[in-house]
Amino acid sequence: MTSFIIRAFLTLFVVLDPIGLVPIFMTLAGEYAPKVQMRIIRQAVLVAGGILLVFALFGNNLLRYLGISVEAFQVAAGILLLKIAIDMVFAQHQRETKAEESEAQARTDISIFPLGTPLIAGPGALASILVLQGEAAIYPFGTAIVLAITMFVLLLLYGFLAIAQTLTQWLGRTGINVISRVLGILLAALAVQYIADGILTLIKKTFL
């Protein structure tokens, strides 16, 4: 179980990418007063947490309703995470479309969109939650473990965003990109493992 907890933490930490989110947050909210920034961070984390909670509790039911196997979803999630990892390695932190970016700039409250979703609770995070839920099924209180890890990572994300101004000044954009690239390499390895495990399980179910 310890190895699963470590893997789950690394997966969610790298996918949510608190460090890489810092410059994006400063671009969106850097002009606001510190009190307003804290309100935006609190609301964004709560919104993202609610979305991830609902997906963790009911996502597998949705897959069964749609007739999608966990293994097939695991392969698809691995491919999606691999794409995110490649973007991280090349310092391309685009988590929203051009249309979404334009709409976000026109809004006064960015806590729900685009910060809460899709920047925090985006496709990669949702896919990771479902894959981890499937893996946690063999452990006692597996769902509770995944939810606890998710909450812990969100708290870390809250902390990073709360000191975003200091981190930006201390690390600089180059330093943040270097850390994100290292995390991207880790995520790429996890993504390949997801794909390999999913394909292997599908082959066993089909031919054995």
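Predicted model: local features only at pLDDT ≥ 70, side-chain atom pairs only at ≥ 80, totals over all residues.

Student: Okay, so is Asp 17 buried or exposed?

Tutor: Asp 17 is buried, because its relative accessibility is 0% and the cut-off for buried is under 20%. You will find Asp 17 in the loop between helix 1 and helix 2, and its phi is positive, at about 50°, although the residue is not a glycine.

Student: Which other residue has a positive phi although it is not a glycine?

Tutor: Phe 141 has one, with a phi of about 55°. Phe 141 sits in the loop between helix 7 and helix 8, and with a relative accessibility of 70% it counts as exposed.

Student: Let me step back. How many helices and strands are there in the chain?

Tutor: The protein chain has 9 helices and 0 strands, so its radius of gyration is worth a look next: the value is 17 Å, close to the 17 Å that the globule rule gives for 208 residues, and therefore the chain is as compact as a globular protein of that length.

Student: What box do the C-alpha atoms fill?

Tutor: Taken along the principal axes, the box is roughly 60 × 35 × 30 Å. Of the 208 residues in the chain, 44% count as buried, and the accessible surface comes to about 10,700 Å², with 70% of that surface belonging to carbon and sulfur atoms.

Student: Which residues have the most contacts inside the largest nonpolar core?

Tutor: They are Leu 21, Phe 25, Leu 115 and Ile 120, in a core of 55 residues. Several elements give two or more residues to this core, among them helix 2 (18-29), helix 6 (111-120) and helix 9 (164-207). As a general point, nonpolar side chains tend to be buried together in soluble globular proteins.

Student: Can we look at a contact or two? What does Ser 128 touch, leaving aside its neighbours within four places in sequence?

Tutor: Leaving those neighbours aside, Ser 128 is in contact with Thr 11, Leu 12, Val 15 and Leu 81. Ser 128 lies in helix 7, and it counts as buried, since its relative accessibility is 0%.

Student: Last one: how far apart are Lys 205 and Glu 71?

Tutor: They are 134 residues apart along the chain, and their C-alpha atoms are separated by 9.9 Å. Lys 205 lies in helix 9 and is exposed, with a relative accessible area of 56%.

Notes:
Residues numbered from 1 in each chain as written. Heavy atoms only, no water. Core = buried A, V, L, I, M, F, W, Y, C linked by side-chain atoms within 4.5 Å. Buried < 20%, exposed > 50% of the residue type's maximum accessible area, 1.4 Å probe, protein only. Helix = DSSP H or I, 4+ residues; strand = E, 2+ residues; numbered from the N terminus. Rg over C-alpha atoms; globule rule 2.2 N^0.38 Å. Areas by Shrake-Rupley, 256 points an atom, 1.4 Å probe, with all protein chains shown as cover. Contact = heavy atoms within 4.5 Å.
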